[in-house]
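The structure comes first, then the points by topic.

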Amino acid sequence: MTCPIAARVARFFEEGIAKLGGLDCLVNNAGIAGPTGKVEAIDPADWDRCIAIDLTGQFNCVRLAVPHLRKSRNASVMNVSSLAGRLGFALRTPYAAAKWGVIGLTKSLAIELGDDGIRVNALLPGVVSGDRQKRVLTAKAAARGIRFEEMESLALSFTSLKEYVTPQQLADLVVFIASPLSRTTSGQALSVCGDTNMLG
């Protein structure tokens with residue numbers, strides 16, 4: 001029996017490839033923030049949903065992309081993980097677990113697809129500016145019983161540059177890695193994070 005979500009992803013790929021005429025790069029950016037809270041308070045249904053979207057969602061996309069990428073002369077996959085996938089993230093266990101899984105998926109696929117000339121890397125964003133980050137920090141502030149401004153200051157204090165990463169900076173790296181200039185870069189977990197040493 002076909003999973004309804006997998007069927008929808010398959011339809012998306014079928015329509016997208018028909019319009020594009022092929023595929024050179026998959027930016028695998030399926031993801032949600034997931035629940036915030038102590039592990040014993042997390043609803044198993046919330047855990048399952050986070051893993052299903054953040055990890056299984058990427059599997060559902062990459063498995064359909066690979067046959068098309070094999071036809072490209074400059075094929076690459078960028079799986080969007082997170083610093084949580086390298087450092088861990090207190091009160092965000094489902095998200096961190098899924099993002100660690102994305103790095104494992106990336107490394108395994110880089111080895112598996114190397115003979116096909118398909119490069120596979122992972123992007124590990126740090127504290128990225130925008131509404132999503134505000135929601136994450138707001139939830140963490142509430143879980144810790146502190147003000148948003150304190151939570152924001154704490155999050156940025158763990159970075160050497162003490163500033164947010166912008167979405168444009170992430171896009172710049174993706175474009176570079178997808179270009180022929182990065183033709184021998186594969187199997188890497190690439191951080192854009194202002195040198196973040198831990199996640200608060």
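Ser 81 sits in the loop between strand E2 (75–80) and helix H3 (84–87). In this predicted model, Ser 81 has a relative accessible area of 2% and is therefore buried.

**Surroundings of Ser 81**
- Leaving aside residues up to four places away in sequence, Ser 81 touches Tyr 95, Lys 99, Val 102, Ile 103, Ala 122, Leu 123, Leu 124 and Pro 125.

**Largest pocket**
- The largest pocket holds about 590 Å³ of space.
- It is lined by 36 residues, and those closest to its centre are Tyr 95, Pro 125, Gly 126, Val 128 and Arg 132.
- Two or more lining residues come from each of helix H4 (93–113), strand E3 (118–125), helix H5 (131–144), helix H6 (148–157) and helix H7 (167–178).
- H5 gives the largest share of the lining, 5 residues.
- Sorted by class, the lining comprises 22 nonpolar, 10 polar and 4 charged residues.

**Overall build**
- The protein chain has 7 helices and 4 strands, in the order α-β-α-β-α-α-β-α-α-α-β from the N terminus.
- Its radius of gyration is 18 Å, close to the 16 Å given by the globule rule for 200 residues, so the protein chain is as compact as a globular protein of that length.
- Along the principal axes, the C-alpha atoms fill a box of roughly 55 × 40 × 30 Å.

**Packing and surface**
- Of the 200 residues in the protein chain, 42% are buried.
- Among contacts between residues at least 6 apart in sequence, 75% join residues at least 24 apart.
- The protein chain exposes about 10900 Å², of which carbon and sulfur atoms supply 57%.

Definitions and conventions:
Residues numbered from 1 in each chain as written. Predicted model: local features only at pLDDT ≥ 70, side-chain atom pairs only at ≥ 80, totals over all residues. Heavy atoms only, no water. 1 Å grid on protein atoms, 1.4 Å probe; cavity = no way out; pocket = protein on both sides within 12 Å on 5 of 7 lines; lining within 4 Å. Points joined across faces, edges and corners; volume = space filled by probe spheres on them. Nonpolar A, V, L, I, M, F, W, Y, C, P; charged D, E, K, R; others polar. Buried < 20%, exposed > 50% of the residue type's maximum accessible area, 1.4 Å probe, protein only. Contact = heavy atoms within 4.5 Å. Rg over C-alpha atoms; globule rule 2.2 N^0.38 Å. Areas by Shrake-Rupley, 256 points an atom, 1.4 Å probe, with all protein chains shown as cover.
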